[in-house]
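Me: I'd like to go through the aromatic contacts in this one. Can you take a look?

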Amino acid sequence: MLQQRTLKSLTRAVGVGLHSGQRVEITLRPAQPDTGIVFRRVDLPQPVDIPVSAFAVTDTRMASTLSSGNVKVLTVEHLMSACAGLGVDNMYVDITAEEVPILDGSAASFVYLLQSAGIELQNAPRRFIQLNKPVEVREGQGASEKWARLEPYQGYKLSFEIDFDHPAVDATGQRVVFDMSTGSYSKDIARARTFGFSKDFEVMRANGLALGGGLDNAIVMDDYKVLNSDGLRYDDEFVKHKILDAMGDLYLVGKPLLASYSAFRSGHALNNLLLRELLARTDAWDVVTFEDEKRAPKGFAQLARAW
(Lines give C-alpha, C1' and ligand atoms only; values in the text may rest on other atoms or scores of the structure.)
Protein backbone atom coordinates (compact mmCIF):
# COMPACT_ATOMS: atom_id res chain seq x y z
CA MET A 1 0.00 0.00 0.00
CA LEU A 2 1.21 3.50 -0.80
CA GLN A 3 0.98 5.08 2.64
CA GLN A 4 0.27 8.55 4.00
CA ARG A 5 3.19 10.47 5.50
CA THR A 6 3.76 12.76 8.45
CA LEU A 7 6.78 13.96 10.43
CA LYS A 8 8.75 11.79 12.84
CA SER A 9 9.33 14.67 15.27
CA LEU A 10 8.62 18.38 15.59
CA THR A 11 10.87 21.09 14.22
CA ARG A 12 10.93 24.89 14.51
CA ALA A 13 12.04 27.97 12.61
CA VAL A 14 12.05 31.70 13.31
CA GLY A 15 11.94 34.41 10.67
CA VAL A 16 10.05 37.45 9.43
CA GLY A 17 6.99 37.76 7.22
CA LEU A 18 7.71 38.99 3.71
CA HIS A 19 4.84 41.48 3.68
CA SER A 20 4.28 42.16 7.39
CA GLY A 21 7.93 42.33 8.46
CA GLN A 22 6.79 40.73 11.75
CA ARG A 23 8.95 38.26 13.64
CA VAL A 24 7.25 34.86 13.56
CA GLU A 25 7.98 31.37 14.83
CA ILE A 26 6.58 28.25 13.22
CA THR A 27 6.57 24.77 14.74
CA LEU A 28 5.91 21.83 12.42
CA ARG A 29 4.32 18.89 14.26
CA PRO A 30 3.31 15.32 13.33
CA ALA A 31 -0.41 14.67 12.78
CA GLN A 32 -2.64 11.61 12.64
CA PRO A 33 -3.66 10.00 9.31
CA ASP A 34 -6.33 11.91 7.35
CA THR A 35 -5.65 15.13 9.30
CA GLY A 36 -4.27 16.93 6.27
CA ILE A 37 -2.14 20.03 6.78
CA VAL A 38 -3.55 22.37 9.41
CA PHE A 39 -2.26 25.85 10.24
CA ARG A 40 -2.81 26.77 13.88
CA ARG A 41 -2.63 30.38 15.09
CA VAL A 42 -1.21 29.86 18.59
CA ASP A 43 -0.65 33.57 19.28
CA LEU A 44 -4.36 34.18 19.85
CA PRO A 45 -6.11 33.97 23.27
CA GLN A 46 -7.81 30.83 21.95
CA PRO A 47 -5.79 28.99 19.27
CA VAL A 48 -7.58 28.77 15.90
CA ASP A 49 -7.10 25.91 13.42
CA ILE A 50 -7.20 26.62 9.68
CA PRO A 51 -7.25 23.35 7.71
CA VAL A 52 -5.83 23.56 4.20
CA SER A 53 -8.55 23.74 1.53
CA ALA A 54 -9.03 25.37 -1.85
CA PHE A 55 -12.09 27.09 -0.37
CA ALA A 56 -10.14 28.42 2.62
CA VAL A 57 -8.14 30.67 0.26
CA THR A 58 -9.54 34.17 0.76
CA ASP A 59 -6.87 36.45 -0.71
CA THR A 60 -4.44 35.88 -3.59
CA ARG A 61 -2.86 39.33 -3.91
CA MET A 62 0.93 38.83 -3.81
CA ALA A 63 0.55 35.48 -1.95
CA SER A 64 -1.96 32.78 -1.00
CA THR A 65 -3.86 33.53 2.22
CA LEU A 66 -5.93 31.00 4.19
CA SER A 67 -8.71 32.10 6.53
CA SER A 68 -11.13 30.74 9.09
CA GLY A 69 -13.63 33.44 10.00
CA ASN A 70 -11.60 36.61 10.58
CA VAL A 71 -8.40 34.68 11.42
CA LYS A 72 -5.89 34.30 8.60
CA VAL A 73 -2.44 33.02 7.65
CA LEU A 74 -0.62 34.67 4.75
CA THR A 75 2.05 33.44 2.33
CA VAL A 76 1.55 29.71 2.80
CA GLU A 77 2.63 28.69 -0.72
CA HIS A 78 6.36 28.04 -0.15
CA LEU A 79 5.80 25.76 2.84
CA MET A 80 2.96 24.02 0.98
CA SER A 81 5.24 23.57 -2.03
CA ALA A 82 7.84 21.83 0.13
CA CYS A 83 5.11 19.54 1.51
CA ALA A 84 3.99 18.71 -2.04
CA GLY A 85 7.56 18.10 -3.21
CA LEU A 86 8.39 15.79 -0.29
CA GLY A 87 4.98 14.12 -0.09
CA VAL A 88 3.91 15.21 3.41
CA ASP A 89 0.19 14.53 3.89
CA ASN A 90 -0.47 15.26 7.57
CA MET A 91 1.06 18.02 9.68
CA TYR A 92 0.21 20.78 12.14
CA VAL A 93 1.84 24.17 11.57
CA ASP A 94 1.80 26.20 14.80
CA ILE A 95 2.40 29.85 13.94
CA THR A 96 2.84 32.87 16.24
CA ALA A 97 1.74 35.60 13.77
CA GLU A 98 -0.42 35.92 10.69
CA GLU A 99 2.28 35.31 8.07
CA VAL A 100 4.53 32.32 7.37
CA PRO A 101 8.20 33.45 7.54
CA ILE A 102 9.79 34.08 4.16
CA LEU A 103 13.19 32.68 5.31
CA ASP A 104 15.42 32.75 2.16
CA GLY A 105 12.56 33.40 -0.28
CA SER A 106 12.43 29.85 -1.62
CA ALA A 107 11.19 26.48 -0.32
CA ALA A 108 14.70 25.20 0.45
CA SER A 109 14.58 26.09 4.16
CA PHE A 110 11.23 24.33 4.52
CA VAL A 111 12.62 21.25 2.76
CA TYR A 112 15.50 21.28 5.24
CA LEU A 113 13.10 21.59 8.18
CA LEU A 114 10.89 18.73 6.98
CA GLN A 115 13.85 16.47 6.31
CA SER A 116 15.49 17.29 9.63
CA ALA A 117 12.26 16.29 11.41
CA GLY A 118 12.18 13.09 9.37
CA ILE A 119 9.27 11.75 7.32
CA GLU A 120 7.32 8.79 8.67
CA LEU A 121 4.98 6.39 6.90
CA GLN A 122 1.50 5.96 8.40
CA ASN A 123 -0.90 3.03 8.39
CA ALA A 124 -3.42 4.59 6.00
CA PRO A 125 -3.60 4.74 2.20
CA ARG A 126 -2.41 7.89 0.47
CA ARG A 127 -5.30 9.41 -1.49
CA PHE A 128 -4.77 11.16 -4.82
CA ILE A 129 -7.02 13.30 -6.99
CA GLN A 130 -6.75 11.71 -10.43
CA LEU A 131 -7.81 13.76 -13.46
CA ASN A 132 -10.18 12.10 -15.93
CA LYS A 133 -10.93 15.14 -18.11
CA PRO A 134 -9.15 18.43 -18.82
CA VAL A 135 -10.08 21.45 -16.72
CA GLU A 136 -9.04 24.97 -17.74
CA VAL A 137 -9.48 28.57 -16.63
CA ARG A 138 -8.63 31.70 -18.65
CA GLU A 139 -8.54 35.42 -18.04
CA GLY A 140 -7.98 38.41 -20.29
CA GLN A 141 -7.46 38.63 -24.04
CA GLY A 142 -4.60 39.35 -26.39
CA ALA A 143 -1.50 40.68 -24.65
CA SER A 144 -3.18 40.36 -21.24
CA GLU A 145 -4.31 36.75 -21.68
CA LYS A 146 -3.36 34.22 -19.01
CA TRP A 147 -4.48 30.65 -18.44
CA ALA A 148 -3.98 27.51 -16.37
CA ARG A 149 -4.97 23.93 -17.20
CA LEU A 150 -5.04 20.46 -15.64
CA GLU A 151 -5.11 17.36 -17.86
CA PRO A 152 -5.10 13.59 -17.22
CA TYR A 153 -1.60 12.23 -16.63
CA GLN A 154 -0.25 9.16 -14.84
CA GLY A 155 2.00 11.12 -12.55
CA TYR A 156 2.53 14.80 -11.78
CA LYS A 157 4.03 17.14 -14.35
CA LEU A 158 4.10 20.94 -14.39
CA SER A 159 4.83 23.21 -17.34
CA PHE A 160 4.98 26.97 -16.88
CA GLU A 161 5.70 29.89 -19.19
CA ILE A 162 6.26 33.45 -18.01
CA ASP A 163 6.28 36.60 -20.14
CA PHE A 164 8.49 39.32 -18.67
CA ASP A 165 9.96 41.96 -20.96
CA HIS A 166 13.14 42.48 -18.96
CA PRO A 167 16.79 41.94 -19.98
CA ALA A 168 17.63 39.79 -16.94
CA VAL A 169 14.63 37.53 -17.50
CA ASP A 170 15.05 37.42 -21.28
CA ALA A 171 18.59 36.13 -20.74
CA THR A 172 17.19 33.09 -18.90
CA GLY A 173 14.50 30.57 -19.79
CA GLN A 174 10.92 31.81 -19.71
CA ARG A 175 9.49 28.28 -19.85
CA VAL A 176 10.26 25.17 -17.81
CA VAL A 177 8.83 21.65 -17.44
CA PHE A 178 9.20 19.64 -14.24
CA ASP A 179 8.09 16.03 -13.87
CA MET A 180 8.03 14.35 -10.44
CA SER A 181 8.91 11.02 -12.08
CA THR A 182 12.22 12.17 -13.55
CA GLY A 183 13.24 15.27 -11.58
CA SER A 184 14.26 15.99 -8.00
CA TYR A 185 12.10 18.66 -6.33
CA SER A 186 14.77 19.41 -3.71
CA LYS A 187 17.52 19.92 -6.28
CA ASP A 188 15.61 21.22 -9.30
CA ILE A 189 12.87 23.48 -7.89
CA ALA A 190 13.06 24.11 -4.12
CA ARG A 191 15.93 26.64 -4.19
CA ALA A 192 14.25 29.06 -6.64
CA ARG A 193 13.56 32.38 -4.89
CA THR A 194 10.71 34.83 -5.21
CA PHE A 195 11.58 37.84 -7.35
CA GLY A 196 10.57 41.41 -7.95
CA PHE A 197 11.63 44.82 -9.17
CA SER A 198 13.22 47.43 -6.93
CA LYS A 199 10.73 50.09 -8.06
CA ASP A 200 7.83 47.76 -7.17
CA PHE A 201 9.29 47.03 -3.72
CA GLU A 202 9.35 50.78 -3.05
CA VAL A 203 5.67 51.12 -4.03
CA MET A 204 4.69 48.06 -1.98
CA ARG A 205 6.47 49.32 1.12
CA ALA A 206 4.69 52.65 0.79
CA ASN A 207 1.46 50.63 0.91
CA GLY A 208 2.51 48.53 3.90
CA LEU A 209 3.60 45.47 1.89
CA ALA A 210 6.98 43.73 1.40
CA LEU A 211 8.14 45.18 4.74
CA GLY A 212 10.29 42.11 5.35
CA GLY A 213 11.60 41.79 1.78
CA GLY A 214 15.17 42.38 0.66
CA LEU A 215 18.19 40.99 -1.12
CA ASP A 216 18.57 38.18 1.44
CA ASN A 217 15.15 36.68 0.66
CA ALA A 218 14.31 37.69 -2.93
CA ILE A 219 15.83 38.24 -6.34
CA VAL A 220 15.65 42.00 -6.83
CA MET A 221 16.07 43.67 -10.24
CA ASP A 222 16.36 47.22 -11.45
CA ASP A 223 15.44 48.09 -15.04
CA TYR A 224 18.44 46.22 -16.45
CA LYS A 225 19.94 43.61 -14.16
CA VAL A 226 19.78 41.42 -11.08
CA LEU A 227 20.99 43.38 -8.03
CA ASN A 228 21.86 40.36 -5.84
CA SER A 229 25.64 40.07 -5.57
CA ASP A 230 25.51 36.26 -5.67
CA GLY A 231 23.46 36.21 -8.89
CA LEU A 232 20.99 33.42 -9.69
CA ARG A 233 20.82 29.93 -8.18
CA TYR A 234 19.49 28.41 -11.42
CA ASP A 235 19.89 29.71 -14.97
CA ASP A 236 16.08 29.72 -15.18
CA GLU A 237 15.36 30.64 -11.55
CA PHE A 238 12.53 33.06 -12.37
CA VAL A 239 10.26 30.55 -14.08
CA LYS A 240 11.29 27.78 -11.67
CA HIS A 241 9.97 29.90 -8.82
CA LYS A 242 6.62 30.05 -10.61
CA ILE A 243 6.62 26.23 -10.71
CA LEU A 244 7.46 26.25 -6.97
CA ASP A 245 4.54 28.60 -6.26
CA ALA A 246 2.16 26.58 -8.42
CA MET A 247 3.02 23.36 -6.58
CA GLY A 248 2.22 25.09 -3.29
CA ASP A 249 -0.99 26.67 -4.58
CA LEU A 250 -2.24 23.40 -6.08
CA TYR A 251 -1.47 21.39 -2.91
CA LEU A 252 -4.07 23.55 -1.17
CA VAL A 253 -6.65 21.22 -2.75
CA GLY A 254 -5.81 18.95 0.20
CA LYS A 255 -4.51 15.90 -1.70
CA PRO A 256 -1.71 15.25 -4.20
CA LEU A 257 -2.74 15.50 -7.84
CA LEU A 258 -2.23 12.95 -10.60
CA ALA A 259 -2.34 15.39 -13.47
CA SER A 260 -0.41 17.48 -15.93
CA TYR A 261 -0.53 21.18 -15.07
CA SER A 262 0.33 23.79 -17.68
CA ALA A 263 0.09 27.54 -17.38
CA PHE A 264 0.88 30.80 -19.11
CA ARG A 265 1.36 33.88 -16.93
CA SER A 266 -0.69 32.31 -14.14
CA GLY A 267 -0.43 33.28 -10.49
CA HIS A 268 -1.98 32.60 -7.09
CA ALA A 269 -5.44 33.84 -8.10
CA LEU A 270 -5.73 31.80 -11.29
CA ASN A 271 -4.26 28.70 -9.62
CA ASN A 272 -6.96 28.86 -6.95
CA LEU A 273 -9.64 29.48 -9.57
CA LEU A 274 -8.41 26.35 -11.36
CA LEU A 275 -8.78 24.28 -8.16
CA ARG A 276 -12.31 25.57 -7.59
CA GLU A 277 -13.25 24.78 -11.18
CA LEU A 278 -11.78 21.29 -10.76
CA LEU A 279 -13.74 20.60 -7.57
CA ALA A 280 -16.95 21.87 -9.18
CA ARG A 281 -16.47 19.45 -12.10
CA THR A 282 -17.06 16.22 -10.18
CA ASP A 283 -17.03 14.22 -13.43
CA ALA A 284 -13.46 15.35 -14.15
CA TRP A 285 -11.71 13.54 -11.30
CA ASP A 286 -11.72 10.58 -8.92
CA VAL A 287 -10.01 9.93 -5.59
CA VAL A 288 -7.70 6.92 -5.97
CA THR A 289 -5.35 4.90 -3.76
CA PHE A 290 -2.66 2.34 -4.59
CA GLU A 291 -2.95 -0.93 -2.69
CA ASP A 292 0.17 -2.06 -4.52
CA GLU A 293 2.69 0.76 -4.40
CA LYS A 294 4.43 -0.71 -7.45
CA ARG A 295 1.41 0.44 -9.46
CA ALA A 296 1.83 4.04 -8.30
CA PRO A 297 3.38 6.50 -10.76
CA LYS A 298 7.13 6.78 -10.49
CA GLY A 299 8.27 9.47 -8.07
CA PHE A 300 5.50 8.91 -5.52
CA ALA A 301 6.41 5.57 -3.90
CA GLN A 302 9.88 6.56 -2.71
CA LEU A 303 10.40 8.84 0.26
CA ALA A 304 12.13 12.01 -0.91
CA ARG A 305 15.88 11.84 -0.40
CA ALA A 306 17.95 14.46 1.33
CA TRP A 307 20.01 16.90 -0.74
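**Aromatic contacts**

Reply: Phe238 is buried, at a relative accessible area of 0%. Keep in mind that this is a predicted model.

Me: How many aromatic pairs does a search of the whole structure find?
Reply: The search gives 6 aromatic pairs. One of them is Phe164 with Phe197, a tilted pair. Their centres are 6.3 Å apart, with 50 degrees between the planes.

Me: Where do Phe164 and Phe197 lie?
Reply: Phe164 is in the loop between β14 (156–161) and α3 (167–170). Phe197 is in strand β16 (residues 195–197). The pair therefore ties together parts that are 33 residues apart in sequence.

Me: Is Phe197 buried or exposed?
Reply: Phe197 counts as buried, at 16% relative accessibility. Phe164 is partly exposed, with a relative accessible area of 27%.

Me: Back to Phe238. Which residue does it form an aromatic pair with?
Reply: Phe195. That pair is edge-to-face, 5.2 Å centre to centre, with 85 degrees between the planes. Phe195 lies in strand β16 and Phe238 in helix α6 (residues 237–250), so the contact ties together parts 43 residues apart in sequence. Phe195 counts as buried too, at 16% relative accessibility.

Me: Which residues form one aromatic cluster?
Reply: Phe164, Phe195, Phe197 and Phe238.

Me: New topic, charges. What lies over the face of Trp147?
Reply: Arg149 does, at 4.4 Å from the ring centre.

Me: And which residue lies over the face of Tyr234?
Reply: Lys240, at 4.4 Å from the ring centre.

Notes. Residues numbered from 1 in each chain as written. Predicted model: local features only at pLDDT ≥ 70, side-chain atom pairs only at ≥ 80, totals over all residues. Heavy atoms only, no water. Phe/Tyr/Trp six-rings, centres within 6.5 Å; stacked < 30°, edge-to-face > 60°. Helix = DSSP H or I, 4+ residues; strand = E, 2+ residues; numbered from the N terminus. Buried < 20%, exposed > 50% of the residue type's maximum accessible area, 1.4 Å probe, protein only. Lys NZ or Arg CZ within 6 Å of the ring centre and 35° of its normal.
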